[in-house]
Amino acid sequence: MQRVSKLVLAMGLIAALLLSACAAPAAPAASTGGEAAPAAEAAKGVTMSFWTRDSNQAQVRALVDEWNKTHDNQIEVTVIPAEEYMTKVGAAAAGGSAPDIIAVDLIYVPQFAAAGQLTDITESAKSLPYFDKLSPSHVRLATYEDKIYALPFNAEGSILLWNKDLFKEAGLDPEKPPTTWAEIEEYAKKITALGDDKYGYYFSGSCAGCNAFTYLPLMWASGGDVLSDDGATATVTDPNVAAALDFYRQLWADGQMPPGAQADSGTDFANAFTTGKIGMTGSGAFAISMLKNEHPEINFGVTYLPGKDGGQSSFAGGDSIGIPSGSKYPKEAYEFIQWLTSDDVQLEQYAKANTLPIRTDLAENEYFKADPRMTTAAKAMAMGKTPYSLVYNDLFNSANGPWLKMIQTAVFDGKVDEAVQTAQDEFTKILNGQ
């Protein structure tokens with residue numbers, strides 16, 4: 001793990017993040033030192049502050065409204081524009097004016113924890129009877145120096161969508177999705193051959209974050225990775241990384257993707273498939289409700305992102321929820337966090353609303369029986385990975401970063417070997433703070 005001073009991390013966090021755009025029974029609560037204390041000892045009638053970005057506000061308000069109906073301790077929500085959220089949270093935490101509760105993209109939790117800006121909740125978290133059922137990636141990224149600083153708040157899992165009607169039109173079995181890269185290529189060719197601006201595959205060629213979400217899993221499912229498990233070492237020269245680049249390069253060179261994919265910075269990441277002219281695309285669980293509600297005419301399936309010769313993987317995304325180190329009410333704040341991870345809340349407030357539970361033991365539930373595609377997405381999240389890095393933004397999210405540069409050089413310019421070596425060098429420099 002990288003060793004960086006807390007001051008440098010706090011300042012770096014603010015700068016880097018500027019680029020990102022049913023009551024449960026009373027239970028142990030956290031203190032600033034990580035010691036558990038009975039909820040009964042917590043003061044009653046306090047009002048806690050909960051900061052969220054606007055993209056999360058519907059879910060946050062629904063949860064807080066339910067909490068406020070059934071608890072003496074109340075919560076007030078502050079909604080901040082997504083493009084300003086991380087900068088304001090980082091500044092507030094560094095300046096000693098932090099709220100009591102924050103929800104933050106799980107990829108940034110390691111930075112907050114390393115900067116000393118989150119409360120240690122280790123003992124209380126591990127006392128949860130379902131602790132080992134919480135989203136593994138969320139917990140992994142919330143763990144710093146063997147202590148836990150956050151729990152999952154909401155979850156995403158990257159998946160592969162396929163258009164069943166296009167499969168049928170191309171003479172493919174509409175109920176049989178691809179399970180290898182060779183099958184993706186075979187199916188894509190047959191769909192593209194239909195003409196009429198129909199294409200077998202789609203990806204957003206100029207979107208760094210989109211491709212972390214849907215391209216990294218292809219590498220992981222094949223046994224490859226671009227970072228070591230602790231996030232300290234670049235492993236871009238892993239042969240499975242080059243193989244995945246070659247795979248996309250061939251799809252592009254053979255015309256299996258629409259020309260507009262090259263310039264797409266994410267605008268059509270979700271929209272391309274809604275045209276009904278794309279056979280397959282990487283996406284996320286969010287697409288299921290969107291397609292059902294806004295595009296009922298599209299007959300689609302959901303499956304796992306495959307490896308070269310089989311295997312499956314997913315990028316586990318979403319937010320974690322934590323208690324800033326400056327919180328006035330850490331015990332009461334943890335009571336809320338524990339409540340939202342409970343069975344009742346996860347089923348009635350999450351699954352019932354077609355939202356993925358943050359617990360792997362609830363992937364199969366009574367609400368998802370009506371649409372097994374949701375269960376598939378929940379299982380994808382459970383098997384998913386997320387890169388652990390204190391410099392995630394510089395590596396993967398930056399439009400000028402080495403991740404996107406590697407993809408574009410390999411896929412669109414055909415220079416796979418050059419792209420891999422350059423990315424390895426640039427990843428290493430960033431990880432070494434150069």
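**Core packing and local features of the predicted model**

The largest nonpolar core of the structure, a predicted model, comprises 141 residues. Those with the most contacts inside this core are Phe50, Tyr215, Val226, Tyr248, Phe336, Trp403 and Phe427. Helix H11, spanning residues 239-253, gives the most to the core, contributing nine residues. In soluble globular proteins, nonpolar side chains tend to be buried together.

Two residues illustrate the surroundings of this part of the chain. Tyr248 is in contact with Tyr201, Phe203, Tyr215, Leu218, Met257 and Val411 when its neighbours within four places in sequence are left aside. Val241 is placed in helix H11 and counts as buried because its relative accessibility is 0%. Beyond the residues up to four places away in sequence, Val241 touches Met219, Asp225, Val226, Thr235, Val236 and Met406. The C-alpha atom of Val241 is separated by 6.0 Å from that of Gly224, and the two residues are 17 positions apart along the chain.

Helix H18 (residues 402-411) packs with helix H19 (residues 416-431) at an angle of about 175°, and their axes are 8 Å apart. The two helices are therefore roughly antiparallel, the cut-off for this class being an angle over 145 degrees. On the H18 side, the contact is made by Pro402, Trp403, Lys405, Met406, Thr409 and Ala410. The residues supplied by H19 are Val416, Glu418, Ala419, Val420, Ala423, Glu426, Phe427 and Ile430. By class, the residues of this contact divide into 10 nonpolar, one polar and three charged. Trp403 and Phe427, which take part in the contact between H18 and H19, are also among the residues with the most contacts inside the largest nonpolar core.

Strand S11 (residues 300-303) is covered on both faces. Phe300 and Val302 are buried on one side, and Gly301 and Thr303 are buried on the other. In a regular strand the side chains alternate between the two faces of the sheet. Strand S8 (residues 151-163) runs antiparallel to S11 and is joined to it by four bridges. Within this pairing, Gly301 of S11 stands opposite Trp162.

S12 and S13 form a hairpin, with two residues between the strands. Pro306 has Gln312 of S13 as its bridge partner.

Tyr350 lies in helix H15 (residues 343-350). This residue counts as buried because its relative accessibility is 0%, the cut-off being under 20%. Leaving out residues up to four places away in sequence, Tyr350 touches Gln59, Leu63, Phe153, Asn154, Leu340, Val345, Thr355, Leu356, Pro357 and Ile358. Tyr350 and Tyr367 are 17 residues apart along the chain, and their C-alpha atoms are separated by 9.7 Å.

Gln57 is found in helix H2 (residues 57-70). With a relative accessible area of 28%, Gln57 is partly exposed. Its contacts, excluding neighbours within four places in sequence, are with Thr52 and Val79. Gln57 and Val79 are 22 residues apart in sequence, whereas the C-alpha to C-alpha distance between them is 6.6 Å.

Positive phi values occur at two loop positions described here, Glu145 and Asp197. Phi of Glu145, a residue other than glycine, is near 50°. Glu145 is placed in the loop between strand S6 (143-144) and strand S7 (147-148). Its relative accessible area is 45%, so Glu145 is classed as partly exposed. For Asp197, likewise a residue other than glycine, phi is near 60°. Asp197 is found in the loop between helix H8 (181-192) and strand S9 (199-202). Asp197 counts as exposed because its relative accessibility is 57%, the cut-off for this class being over 50%.

Methods. Residues numbered from 1 in each chain as written. Predicted model: local features only at pLDDT ≥ 70, side-chain atom pairs only at ≥ 80, totals over all residues. Heavy atoms only, no water. Core = buried A, V, L, I, M, F, W, Y, C linked by side-chain atoms within 4.5 Å. Buried < 20%, exposed > 50% of the residue type's maximum accessible area, 1.4 Å probe, protein only. Contact = heavy atoms within 4.5 Å. Pairing = 2+ DSSP bridges. Axes fitted to C-alpha atoms, helices over the stretch in contact; angles between N-to-C directions. Parallel < 35°, antiparallel > 145°, perpendicular 65-115°, else oblique. Nonpolar A, V, L, I, M, F, W, Y, C, P; charged D, E, K, R; others polar.
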